[in-house]
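Reader: Can you walk me through this one? I'd like to start with charged contacts and then jump around.

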Amino acid sequence: MTAPVTPAPGSTDGKLHRTLTFRDLIVYGMLFIAPMAPVGIFGTLDAKSRGAVALVYVVATVAMAFTAFSYAQMVRVAPQAGSVYTYARVGLGEGPGFIAGWMALLDYLLIPAVAYLFSGIALHALVPSVSQWVWTAVAVVVTTALNLAGVRTAAVVGFLVLAMEIAVLLVFVACAVFALAEHGARRGWLSPLTGEGDFAMGAVVAAVSVAVLSYLGFDAIAAFAEEAAGGSERVARAVMTCLAVAGVLFMVQTYLAALLAPMSAAELAADPAAQGAAFYDTVDSATGTWLHDLVAVSKAVGAAFAALAGQAAAGRLLFAMARDRRLPGLLSKVDPASGVPRIALLGAAVVNLVAAVWAARRDDGLDRLVSVVNVGALVAFALLHLSVIGWFAVRRRGRELRPVRHVVMPLLGLAVVIAVIVEASATAQAVGAVWLAAGLGVLGAEAFRGGPA
C-alpha cells in the first residue's frame with residue numbers, strides 16, 4: 001500500500017520520467033555528500049577526538065546507517081518524490097508530513113547555497129582577479145542549466161565530476177601510502193582508531209556529532225524515487241550503498257591523513273586556528289603543494305556539483321509538496337521535454353543564488369550561512385524514524401511489523417539524531433526553532449481555513 005499521487009492544478013501530468021539507473025542514483029548521492037567531505041573538518045575532528053579521527057567516521061557511519069535503514073523501509077512504502085515529506089505524510093499524517101517537508105526545505109535550500117559559496121571561495125583563490133561572488137553566481141547558473149536540461153543529462157555530467165573527485169582521492173591515497181612506506185608514520189599506526197594517549201569515548205562521541213554532518217546528502221537519493229528505473233527496491237539499495245561507500249572513503253582518507261599529520265591532536269586542540277587547514281597542511285608536508293592545488297581544484301568543482309544534487313533534490317521536494325497542494329500548484333508543473341519540475345527547480349535556484357551571493361559579498365558570510373544549516377534535516381530525520389514506527393506499528397496495525405526492523409532500529413536512529421541536535425550550535429538551534437514555528441503557523445492557518453492540515 002502506498003500514498004496516492006495527486007496532480008496539482010496546472011500540472012502538466014503530475015508525473016516525472018523514470019530514467020535514472022542505479023549508477024545515476026549513486027552519483028547523485030555521492031555528489032551531494034562529496035567523496036572528500038572530511039577535508040574541511042579533519043582538524044576539528046582530530047582535535048575533538050584526541051586523535052581517533054578514523055574511529056569517529058566508523059562510529060558516524062554506523063550511526064547514520066539507522067537513518068539510511070529507515071529511508072530504505074519507507075521508500076518501499078511510498079516510492080514517490082518528496083522523500084521525508086512523503087514518508088512522514090504516509091506514516092504520521094498530513095500535519096507531520098508538512099512539517100517534515102518544511103524542515104527539510106530549510107536545509108535543501110541552504111546546503112546547496114553553502115556548497116556554491118565554497119566553490120566560489122575556492123575558485124577565487126585560484127583566480128583572484130574574478131570576484132568571489134561572481135564565481136559563486138557562475139556556479140549557480142551553470143549547474144542550474146544542467147538540472148533544467150534533464151535528470152539524465154545532469155547525472156551523466158555529474159558522473160564525470162564524481163569520477164574526477166574519486167581520482168583525486170586515489171592520487172592522495174597513493175601518495176600517502178608512498179610517503180608512509182618511505183618515511184614511516186608520524187603517529188602510531190593504530191592511533192587513528194585508538195587515539196593518542198588515553199582513549200576517551202566521550203571525546204569520540206563529541207566528534208561524531210560533527211562528523212555525521214558529512215553524510216547529509218545521501219538521503220537526497222530518495223527524492224528521485226519517481227525517476228528511478230527499477231522501482232523502490234533499487235532506490236533503497238542505492239541509499240544503503242551510498243552510505244557504505246562514503247563511510248569507507250571517509251575512514252581511509254582520515255586514517256592516512258592522521259598518520260601523516262605534522263601536528264598532534266593535542267597541538268591542534270591548543271591551536272583552533274590551525275584546524276581548518278590541517279588536511280592541506282598534511283598534504284603539503286607529505287607530498288608537496290602540487291597535490292594541495294589538485295585537491296583544491298577538486299573541491300572547487302566538486303562543491304558546485306554537490307550543490308547541483310542538492311538543488312535537484314530541493315526541486316523534487318517543492319514539486320511533491322505543490323502536487324499535494326501544500327505549496328502553490330505552479331511548482332508542480334513538469335516540463336514535457338526534459339521531464340523535470342522546471343519551475344520548482346528555478347525556485348530553488350533563485351533561493352540558492354540569493355543566499356550564496358549575499359554570503360559571498362560579506363566577510364562573515366560563510367560563518368553565518370554555515371551556522372544555520374543542518375538542523376532542519378536533522379528534525380526531518382527524526383520524523384522519518386517516527387514514520388517507520390507510525391506506519392508499521394500503528395497505521396498497518398502490526399500486520400507487517402517486525403519489532404527490530406520497524407521499532408528498535410528507528411528508535412536507535414532517533415536517539416542519534418536527538419543527540420546531534422543537542423550538540424548543534426545555539427544559532428542553528430535558534431534558526432531551526434524559528435523555522436519550525438513558522439511552519440506550525442502555516443499549518444495552523446491552513447487548518448483554520450479548512451485546508452489539508
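This is a predicted model: local features need pLDDT of at least 70, side-chain atom pairs count only at pLDDT 80 or more; totals for chains, interfaces and linings use all residues.

Reader: Asp24, buried or exposed? And Arg152?

Author: Asp24 is buried, at a relative accessible area of 0%. Arg152 is partly exposed, with 31%.

Reader: What does Glu233 pair with?

Author: The side chain of Glu233 forms a salt bridge with that of Arg76, at 2.9 Å from N to O. Glu233 belongs to helix H10 (residues 232-260) and Arg76 to helix H3 (residues 53-77), so the pair ties together parts 157 residues apart in sequence. Glu233 is partly exposed at 46% relative accessibility, and Arg76 counts as partly exposed at 35%.

Reader: And Arg316, which residue does that one meet?

Author: Arg316 meets Glu227 in a salt bridge, 2.7 Å from N to O. Arg316 is in helix H13 (residues 289-323), while Glu227 is in the loop between helix H9 (201-211) and H10, so the bridge ties together parts that are 89 residues apart in sequence. Arg316 and Glu227 are both buried.

Reader: Where is the kink in H3 centred?

Author: The kink in H3 is centred on Ala65 and amounts to about 25 degrees.

Reader: How many of the residues of H3 are buried?

Author: 20 of the 25 residues of H3 are buried, so H3 is largely enclosed by the rest of the structure.

Reader: Switching to the surface. Which residues make the nonpolar patch?

Author: Leu126, Val127 and Val297 make a nonpolar surface patch of about 200 Å². Leu126 is found in helix H5 (residues 94-126), and its relative accessible area of 41% makes it partly exposed.

Reader: How many disulfides?

Author: The count is 0 disulfides, taking a pair of cysteine sulfur atoms within 2.5 Å as the rule.

Reader: What about Cys175 and Cys242, buried or exposed?

Author: Cys175 counts as buried at 17% relative accessibility. Cys242 is buried too, at 0%.

Reader: Last topic, backbone. What is phi at Ala34?

Author: Phi of Ala34 is near 80 degrees, a positive value in a residue other than glycine. Most residues other than glycine have a negative phi. Ala34 lies in the loop between H1 and helix H2 (42-48), and at 11% relative accessibility Ala34 is buried.

Reader: And Arg50, what's phi there?

Author: Arg50 has a positive phi as well, near 60 degrees. Arg50 is placed in the loop between H2 and H3. With 46% relative accessibility, Arg50 counts as partly exposed.

Note on methods
Residues are numbered from 1 along each chain as its sequence is written. Side-chain values use heavy atoms; hydrogens and water are left out. Buried means under 20% relative accessible area, exposed over 50%, partly exposed in between (1.4 Å probe, protein chains only). A salt bridge is a side-chain nitrogen of Lys or Arg within 4 Å of a carboxyl oxygen of Asp or Glu. Helices (H or I, at least four residues) and strands (E, at least two) are DSSP runs, numbered from the N terminus. The bend at a residue is the angle between axes fitted to the seven residues ending there and the seven starting there. Patches are made of residues with over 30% relative accessible area and no salt bridge: like charges are joined within 9 Å, nonpolar side chains (Val, Leu, Ile, Met, Phe, Trp, Tyr) within 5 Å. Accessible areas come from the Shrake-Rupley method with a 1.4 Å probe; for residues, only the protein chains shown count as cover.
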